[in-house]
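Subject: Handover of a structure and findings

Dear colleague,

Please find below the structure that I am handing over to you. A short account of the findings follows it.

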Amino acid sequence: MAVLTIGKVGNPILRLIANPVDLSTIGSRRFQEFLDDMFETMVHFEGIGLAAPQVAHSQQVVVMECDGNDDIPQTVLINPKIVFYGPTQSEMWEGCLSIDNMRGKVLRPSMVRVQAYDRQGVLQDIEANGLYAVCIQHEIDHLLGKLFIDRMTDMSTLTQLEEFDAYWREESVAVI
Ligand code: NI
């Protein structure tokens, strides 16, 4: 396995619509090793989610995992589609491995249903709430060329990490 290089805001690949994965390649050793590398990279940089465009692959692939937090099970989403948004919204601090040392509040639907293929190539139907729902939406945004700063409606909450630690740390934050 390998820790991959993460592209940062300004890298044009982060602004592309990612390509769908050819499902016949999911079982290949090359693709499975790429998934393992994505997990290793995410854990290495202490994120809870990572999308393939962040590691220079413009493909519709997302991994998620949060050690010690059962709200986010180990998840692989291939060619994901959000098929339902819940009626209520919630606001949460977000960060991103592609935007160093920044945090901002984003308002998103608090529940989503997503359909995606897993790493065995089996179509899954996942209902997600809370942090898991936020993470799924943040990561699928990466596949659409969107970053959390595009989703902020109140830019006055955009915060550098030192100031976040000083003034806002008690609130939960998702670095995805
Ligand atoms: Ni991100």
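How much space lies in the largest pocket? Within this predicted model, the largest pocket holds about 290 Å³ of space.

Its lining consists of 17 residues. Those that lie nearest the centre of the largest pocket are Ile82, Tyr85, Ile140, Asp141 and Leu144. Three elements, β3 (75–85), β5 (99–109) and α2, each contribute at least two residues to this lining. Sorted by class, the lining of the largest pocket comprises 10 nonpolar, three polar and four charged residues.

Helix α2 deserves a description of its own. It covers residues 130–143, which makes 14 residues. From its first C-alpha to its last, α2 reaches 21 Å, close to the 20 Å expected at 1.5 Å a residue. Of the 14 residues of α2, 13 are buried, that is, under 20% relative accessible area, so the helix is largely enclosed by the rest of the structure. Just after α2, Gly145 adopts a positive phi of about 80°.

Ser28, Arg30, Phe31, Phe34, His57 and Gln59 form the lining of the second largest pocket. By class, that lining has two nonpolar, three polar and one charged residues.

On the general principle, rolling a probe the size of a water molecule over the atoms shows where empty space is left.

Yours sincerely

How values were computed: Residues are numbered from 1 along each chain as its sequence is written. This is a predicted model: local features need pLDDT of at least 70, side-chain atom pairs count only at pLDDT 80 or more; totals for chains, interfaces and linings use all residues. Side-chain values use heavy atoms; hydrogens and water are left out. Helices (H or I, at least four residues) and strands (E, at least two) are DSSP runs, numbered from the N terminus. The expected span of a helix is 1.5 Å times one less than its number of residues. Buried means under 20% relative accessible area, exposed over 50%, partly exposed in between (1.4 Å probe, protein chains only). On a 1 Å grid over the protein atoms alone, a cavity is a set of points where a 1.4 Å probe fits but cannot get out, and a pocket is an open set with protein on both sides within 12 Å along at least five of seven lines; lining residues have an atom within 4 Å of a point. Grid points are joined across faces, edges and corners, and a volume is the space filled by probe spheres set on the points. Ala, Val, Leu, Ile, Met, Phe, Trp, Tyr, Cys and Pro count as nonpolar, Asp, Glu, Lys and Arg as charged, and the others, Gly among them, as polar.
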